[in-house]
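Please look over the sequence and the structure shown below.

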Amino acid sequence: MAHPLQTTRLDGAAGAEGLPPVLIVGASGFVGGHTLRHLRGLGWRVVGTRSRGSGPDLRAFDLARDRLRHMVDDLMGDAGRPAHVVICAAMAQPDLCFRERDLSYQVNVVGTIRLIEDAVALGARPLYMTSGFAYDGLAGYYADDEPRWPINEYGRHKVEVEEYCAVNQPGMLLYRLDKVMGDDPAENHMFSEWYRWHLEGKPIICIADQLFSPTHVGDVARAIRIGCERNLGGVYNIANPEFFTREELARQFFRILGKQARIICKTQEELNFVDLRPEKTYLDSSRFQRDAGFRFTSVRETIQTFIENMKRTP
Ligand SMILES: NC(=O)c1ccc[n+]([C@@H]2O[C@H](COP(=O)([O-])OP(=O)(O)OC[C@H]3O[C@@H](n4cnc5c(N)ncnc54)[C@H](OP(=O)(O)O)[C@@H]3O)[C@@H](O)[C@H]2O)c1
């Protein structure tokens with residue numbers, strides 16, 4: 001049976017002159033920050049929020065406490081009421097979700113659902129970011145509409161919001177992301193972390209047996225823009241069709257960089273995680289590629305841009 005959110009609306013594309021106001025909740029984060037800069041660079045009116053982080057002109061908004069319906073005009077100011085509310089905010093570290101269960105549930109589930117409801121009540125279209133951690137990771141290559149079996153606290157939060165949306169917000173847009181990477185050595189992501197470890201003479205520690213789709217953060221930002229422009233609906237996997245084990249990705253990263261690195265694989269038990277990680281989270285994004293005419297940036301392209309940016313960084 002088709003998932004109730006598997007409806008695609010490709011009508012209603014915004015004209016260049018009619019760019020609608022957008023609110024990005026969680027714009028101090030990796031995905032939200034890139035999306036904010038991408039949309040603003042194209043002339044969109046975008047307001048972004050932060051909670052504890054910082055960022056020029058970001059407005060404070062805490063999912064555990066704040067109600068969009070009470071503060072929308074203060075938040076949006078001259079930009080006007082949002083047509084789209086892009087939800088990039090989350091407590092997204094699995095172990096933190098486990099350790100701070102009450103707070104993370106309040107933020108990732110209660111506050112997020114409340115935000116979705118407020119956005120809809122205000123006439124805006126919410127866009128929610130879910131995760132490949134919605135799956136148990138035994139099979140991998142998950143389609144957009146496959147049944148989900150999370151194995152950790154963070155994944156259960158994502159699935160609870162997905163299920164709420166399926167029942168209560170049919171036609172709402174959800175993007176399921178896998179591992180998001182960048183090409184800027186100055187930002188925090190897996191490549192910059194590996195590079196820093198290498199400069200510090202440390203080995204590159206990889207979780208054994210993980211298989212994922214390393215997806216360029218700029219691709220996620222572009223996909224979010226397309227989702228807003230075309231008023232897409234339903235659940236879409238947004239993931240690079242290439243997939244790697246963590247160890248293989250590390251080998252390719254240092255091979256293309258032309259550096260020798262010591263790569264060590266460790267099991268989850270050896271790494272002392274407090275909550276489980278699913279092993280195979282790579283996703284089948286062919287439906288989005290087809291519907292949106294989208295090409296994902298390859299890992300090689302991302303690493304090559306990383307090298308160019310590295311040369312510019314003192
Ligand atoms: N990055 C990935 O590889 C990946 C993979 C799959 C899914 N996702 C999902 O994609 C979304 C964006 O991920 P990301 O990598 O950009 O995460 P991130 O860099 O950790 O950013 C998280 C954002 O959430 C905000 N936030 C945290 N607690 C909040 C609270 N109580 N109230 C309001 N905002 C709060 C943070 O604000 P402050 O920093 O200001 O506190 C930050 O802006 C998340 O839903 C994540 O689960 C990410």
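**A strand and its surroundings**

Strand S1 (residues 22-25) is covered on both of its faces: Val22 and Ile24 are buried on one side, and Leu23 and Val25 are buried on the other. Here a residue is called buried if 20 or more other C-beta atoms lie within 10 Å of its own, exposed if 12 or fewer, and partly exposed in between, with C-beta atoms placed from the backbone. In a regular strand, side chains alternate between the two faces of the sheet. Helices (H or I, at least four residues) and strands (E, at least two) are DSSP runs, numbered from the N terminus.

This is a predicted model, in which local features need pLDDT of at least 70 and side-chain atom pairs count only at pLDDT 80 or more, while totals for chains, interfaces and linings use all residues. Residues are numbered from 1 along each chain as its sequence is written.

Which strands pair with S1? One is strand S2 (residues 46-50), which runs parallel to S1 and is joined to it by 3 bridges; two strands pair if DSSP finds at least two bridges between them. In S2, Gly48 stands opposite Ile24. Between S1 and S2 the chain passes through helix H1 (residues 30-41), and this β-α-β crossover is right-handed. That term applies if, with the strands pointing away from the viewer, the path from the first strand over the helix to the second runs clockwise. Strand S4 (residues 84-87) also pairs with S1 in the parallel sense, over 4 bridges. Within S4, Val85 is the bridge partner of Leu23, and Val86 is that of Ile24.

These pairings belong to an open sheet of 7 strands with parallel pairing, in the order S3-S2-S1-S4-S5-S6-S11. Strand S3 (59-60) and strand S11 (234-238) stand at the edges with a single partner strand each, so one side of each has no neighbour in the sheet. Helix H4 (residues 101-121) packs on the sheet and touches S1, S4 and S5, its direction making about 155° with that of S5. Helix H7 (residues 217-229) lies across S1, S4, S5, strand S6 (173-177) and S11, and runs at about 165° to S6. Axes are lines fitted to C-alpha atoms, for helices over the stretch in contact, and angles run from 0 to 180 degrees between N-to-C directions. Two residues are in contact if their C-beta atoms, placed from the backbone, lie within 7 Å.

The ligand is surrounded by 25 residues, the closest being Gly29, Val31, Gly53, Ala89 and Ala90. A residue is near a molecule if its C-beta atom, placed from the backbone, lies within 6 Å of it.

Most residues other than glycine have a negative phi. Asn231, however, has a positive phi of about 50° and lies in the loop between H7 and S11. Because Asn231 has 19 C-beta neighbours inside 10 Å, it counts as partly exposed. Asn272 also has a positive phi, near 60°, in the loop between strand S13 (263-266) and helix H9 (286-292). With 8 C-beta neighbours inside 10 Å, Asn272 counts as exposed.
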